[in-house]
Protein chains: 2
Amino acid sequence: MTETSRKLDTPRRGSARRDLAPADSVPRESPDSRETTPRHEGPKFRRRADARPDEVLDAALALFTEKGFAAARIDDIAQRAGISKGAVYLYFPSKQALIEAIVERALGPIAEEAIERLATLPGDPRLVISSVLRVLGRQLTSAQALAIPRLVIREAPSFPDIAELYRRAVLDRVVPALTALIRRGIAEGHFRQIDAELTVRSVVGPVLAHMVLADIFGILPADGLALDRLIENHIAILFDGLSLKA
Amino acid sequence: MTETSRKLDTPRRGSARRDLAPADSVPRESPDSRETTPRHEGPKFRRRADARPDEVLDAALALFTEKGFAAARIDDIAQRAGISKGAVYLYFPSKQALIEAIVERALGPIAEEAIERLATLPGDPRLVISSVLRVLGRQLTSAQALAIPRLVIREAPSFPDIAELYRRAVLDRVVPALTALIRRGIAEGHFRQIDAELTVRSVVGPVLAHMVLADIFGILPADGLALDRLIENHIAILFDGLSLKA
DNA sequence: GTCTTATAACTGACTGGTCAGTTCCAAGAC
DNA sequence: GTCTTGGAACTGACCAGTCAGTTATAAGAC
């Protein structure tokens, strides 16, 4: 049941990449072995183990997002990373270790980015919240950044450990910080008397809904994603409401 | 690729259940065959084909939600429905037909429930939107009702046909109806000049965020789900904003 | 009522295929 | 030469889907 709890001892031998090989323009051995000559122009092995784990993780993230964890094959992940299946197991002990490493790798950057900004900043909480939303919008433009929460949400029921990891690293910091910010806004007379805890949902929900509609169902404004416009529209409503007179 | 489009020819031989068997208090053969006597009290199987498809679908929905489509085993679905694996294939031609039937079965009820209510009602759009949100809240209290969109969102990348089915039956009706409603609110002077299309995200997003936080990550208010309170809090913000003076 | 026959509902062993994880040897780096 | 790296064949488990056989129920014969 909970063999999920098997801790990963990911090798991850150094993440600083040396770039011994030219990276791009890799000959990669023409697939059709035409002619009889066994010519192997260009190096068959690239010998840059340091960059490999990240490449494998990128490939795995792409395929997990596309097909889901269970349906994604290690063979395909390896192929996308430009290596063979066996090589994957040089860097990661199991398929599950891949998803764990993906989430862990993404946690560092995410954690710092937005939290300090809002937990510490003094001044009108409206400005802080607006700034946070705009940063969030800028982040979500990258497909890569969006893929992580998507993957976590999708696989959460199957991998409670990973969901908890994410929750602890991201949500348990962002949600309380936002709540505190709203509470301060009330205390300092900027906000009306509302429930700070529940209001957090009103702050982030519209962005979530926008991404779900666009990403999952392909429902988006005529002029593309329009995340900027969405966020400005949302900020206007969040602080001043829909009603005209008010 | 799109073998999803294979239409399901589900037998579903009449949904009016005959209830030949007493339904409840079914002996169902005590699982532990205690004593040496091979006594088989009660019928070995129940013979009520009319109720079976729905039971299978219920079991399948539960397991798909728990483990995801790919990881759920037909054997487990059958066991939860109280029949054998082979019997599942008496009613549904394939595993995929299960997920299709689940979504189709859920579509009828959902479609009617909320759309007419908001598309047609005249009067202050604020009251209509409030009413819609409250109905939505009441619906989402049932774990069953929540499971369908969850499943669709989760499996959408793997089953674009199903995502589109859901989009067409639900979203393509709800989103435009809400958009029109907001537009009318603007035209009639109830709402400020905002982008109606984007504002739809502000109307439904907070509820979505609440359900994701609660359902996926177990983050909920001290006093339980509190959907009612969330919705009232959201309505207050949506129409009049957070700001005090405004 | 009891017996016989027909058929619908169901079972579970089996098959064919897929895939995670292993192994081992060849090829490259140094 | 030795050490490192990669690849592809292999293994073993797992599982969707099949099918020949079994059991319950209904209908008709008497």
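This is a predicted model: local features need pLDDT of at least 70, side-chain atom pairs count only at pLDDT 80 or more; totals for chains, interfaces and linings use all residues.
Residues are numbered from 1 along each chain as its sequence is written, chains are lettered from A and ligands numbered from 1 in the order in which they are written, and side-chain values use heavy atoms, with hydrogens and water left out.

Q: Is α1(B) roughly parallel, roughly antiparallel, roughly perpendicular or oblique to α2(B)?
A: Helices here are DSSP runs of H or I with at least four residues, and strands are runs of E with at least two, numbered from the N terminus. Axes are lines fitted to C-alpha atoms, for helices over the stretch in contact, and angles between N-to-C directions run from 0 to 180 degrees; under 35 degrees counts as roughly parallel, over 145 as roughly antiparallel, 65 to 115 as roughly perpendicular and the rest as oblique. The axes of helix α1 (residues 52-67) of chain B and helix α2 (residues 74-81) of chain B come within 8 Å and cross at roughly 130 degrees. That angle makes the relation of α1(B) to α2(B) oblique.

Q: How does α7(B) lie relative to α8(B)?
A: Helix α7 (residues 160-187) of chain B packs against helix α8 (residues 196-217) of chain B with the axes 9 Å apart and an angle of about 110 degrees. Given that angle, α7(B) and α8(B) are roughly perpendicular.

Q: Which residues of α8(B) make the contact with α7(B)?
A: Contact means heavy atoms within 4.5 Å. From α7(B) come B:Val175, B:Leu178, B:Thr179, B:Ile182 and B:Arg183, and the residues of α8(B) are B:Ala196, B:Glu197, B:Thr199, B:Val200, B:Val203 and B:Val204.

Q: How does α5(B) run relative to α7(B)?
A: Helix α5 (residues 125-140) of chain B packs on α7(B) at about 150 degrees, with the axes 9 Å apart. In their contact B:Pro125, B:Val128 and B:Ile129 of α5(B) meet B:Leu178, B:Leu181, B:Ile182, B:Arg184 and B:Gly185 of α7(B). The angle makes α5(B), relative to α7(B), roughly antiparallel.

Q: How much area do chain A and chain B bury between them?
A: Buried area is the accessible area (1.4 Å probe) that two parts lose on being put together, summed over both. In this interface 58 residues of chain A are in contact with 58 residues of chain B. Carbon and sulfur atoms carry 64% of the buried area, which comes to about 5,200 Å².

Q: Which residue of chain A forms a salt bridge with B:Arg229?
A: A salt bridge is a side-chain nitrogen of Lys or Arg within 4 Å of a carboxyl oxygen of Asp or Glu, and the count between chain A and chain B is four. For B:Arg229 the closest N and O atoms are 2.6 Å apart, and the partner is A:Asp195.

Q: How many residues apart in sequence are the parts that A:Arg105 and A:Asp54 tie together?
A: The side chains of A:Arg105 and A:Asp54 meet in a salt bridge with an N to O distance of 2.9 Å. Because A:Arg105 lies in helix α4 (residues 95-120) of chain A and A:Asp54 in helix α1 (residues 52-67) of chain A, the pair ties together parts whose separation in sequence is 51 residues.
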